[in-house]
Amino acid sequence: MLIGIPPILGPELLATLRAMGHGDEIALVDGNYPALEHARRLIRADGLPLIPILDAILQVMPVDDFVPHALFRATVKGNPDLLDPVHAEMADVCARRAPGFSLLPLVGEAFYTRVKTAHTIIATSEPRLYGNIIVRKGVIHPSKETDK
């Protein structure tokens, strides 16, 4: 256990988040996603739903503010305008933990292609279909005191 670190973030995931560099992306995918087939690096989060893991990651990892879009979600049946409850929950977590960033829907192959190039895929046991999100890592800007 660590002070200030959500306990849902295990050692492997914490090490991965720390090792990722600016612009690297991490994909959190549902239980039906072909994670093993698509992953360059795979972390299993068996038995855990996606939303609490997303919430925990966004408590410790900055979102990239150097690009127009840094948060991406899967779409329902290829329709970017459809919003399933899991997507609304994702948007709520992102709004709370990464204010000012919008959650961009990516249709079909565009989403799969982006997941395949992600630094790491976290395979959750999220049961809801299309419960997939990609987060692009940002930087921690130095404070005025550390600029010296």
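Visitor: Where does His38 stand, buried or exposed?

Guide: His38 is buried, with a relative accessible area of 13%, where buried means under 20% relative accessible area, exposed over 50%, and partly exposed in between, using a 1.4 Å probe and protein chains only. Please keep in mind that this is a predicted model, in which local features need pLDDT of at least 70 and side-chain atom pairs count only at pLDDT 80 or more, while totals for chains, interfaces and linings use all residues. Residues are numbered from 1 along each chain as its sequence is written, and side-chain values use heavy atoms, with hydrogens and water left out.

Visitor: OK, and which residues is His38 in contact with?

Guide: Apart from neighbours within four places in sequence, His38 is in contact with Tyr33, Tyr112, Lys116 and Ile121, contact meaning heavy atoms within 4.5 Å. His38 itself lies in helix H2, residues 35–38; helices (H or I, at least four residues) and strands (E, at least two) are DSSP runs, numbered from the N terminus.

Visitor: Stepping back, how many helices and strands are there?

Guide: The protein chain has 5 helices and 6 strands, and from the N terminus on its elements run α-β-α-β-α-β-α-β-α-β-β.

Visitor: What about the overall dimensions of the protein chain?

Guide: Its C-alpha atoms fill a box of roughly 50 × 30 × 25 Å, taken along the principal axes. The radius of gyration of the protein chain is 15 Å, which agrees with the value near 15 Å for a compact globule of 148 residues; that radius is taken over C-alpha atoms, and the globule rule is 2.2 Å times the number of residues to the power 0.38. Of the 148 residues, 43% count as buried, and among contacts with a separation of 6 or more, 86% are between residues 24 or more positions apart.

Visitor: Why is H3 said to be largely enclosed?

Guide: Because 8 of the 11 residues of H3 are buried, that helix is largely enclosed by the rest of the structure. The buried residues of H3 are Leu50, Ile51, Ile53, Leu54, Asp55, Ala56, Ile57 and Leu58, and they pack against helix H1 (11–19), strand S1 (25–29), strand S2 (42–45), H4, S5 and S6.

Visitor: Asp55 is in that list; what does Asp55 form with Arg97?

Guide: Asp55 and Arg97 form a salt bridge, and their closest N and O atoms are 2.8 Å apart. This pair links distant parts of the chain, since Arg97 is in helix H4 (residues 85–97) and Asp55 in helix H3 (residues 50–60), 42 residues apart. A salt bridge here is a side-chain nitrogen of Lys or Arg within 4 Å of a carboxyl oxygen of Asp or Glu. While Asp55 is buried at a relative accessible area of 14%, Arg97 is partly exposed at 34%.

Visitor: And how many salt bridges in the whole structure?

Guide: A search of the whole structure finds 8 salt bridges. One of them joins Glu89 to Arg128, with the closest N and O atoms 2.8 Å apart. Glu89 lies in helix H4 and Arg128 in the loop between strand S5 (120–124) and strand S6 (133–136), so the pair ties together parts that are 39 residues apart in sequence. Arg128 also forms a salt bridge with Glu126, where the closest N and O atoms are 2.7 Å apart, and Glu126 is buried, with a relative accessible area of 2%. Elsewhere, salt bridges that share partners join Glu25, Asp64, Arg114 and Arg136 into one network.

Visitor: New topic: which residues have a positive phi without being a glycine?

Guide: Lys77 is one of them, at about 50°, and this residue sits in the loop between strand S3 (71–74) and H4, exposed with a relative accessible area of 72%. Tyr130 is another, with a phi of about 65°; Tyr130 is found in the loop between S5 and S6 and is partly exposed at 27% relative accessibility.

Visitor: Last one, what lines the largest pocket?

Guide: The largest pocket is lined by 15 residues, of which Ala74, Thr75, Tyr112, Tyr130 and Asn132 lie nearest its centre. They divide into 8 nonpolar, 5 polar and 2 charged, where Ala, Val, Leu, Ile, Met, Phe, Trp, Tyr, Cys and Pro count as nonpolar, Asp, Glu, Lys and Arg as charged, and the others, Gly among them, as polar. On a 1 Å grid over the protein atoms alone, a pocket is an open set of points where a 1.4 Å probe fits, with protein on both sides within 12 Å along at least five of seven lines, and lining residues have an atom within 4 Å of a point.
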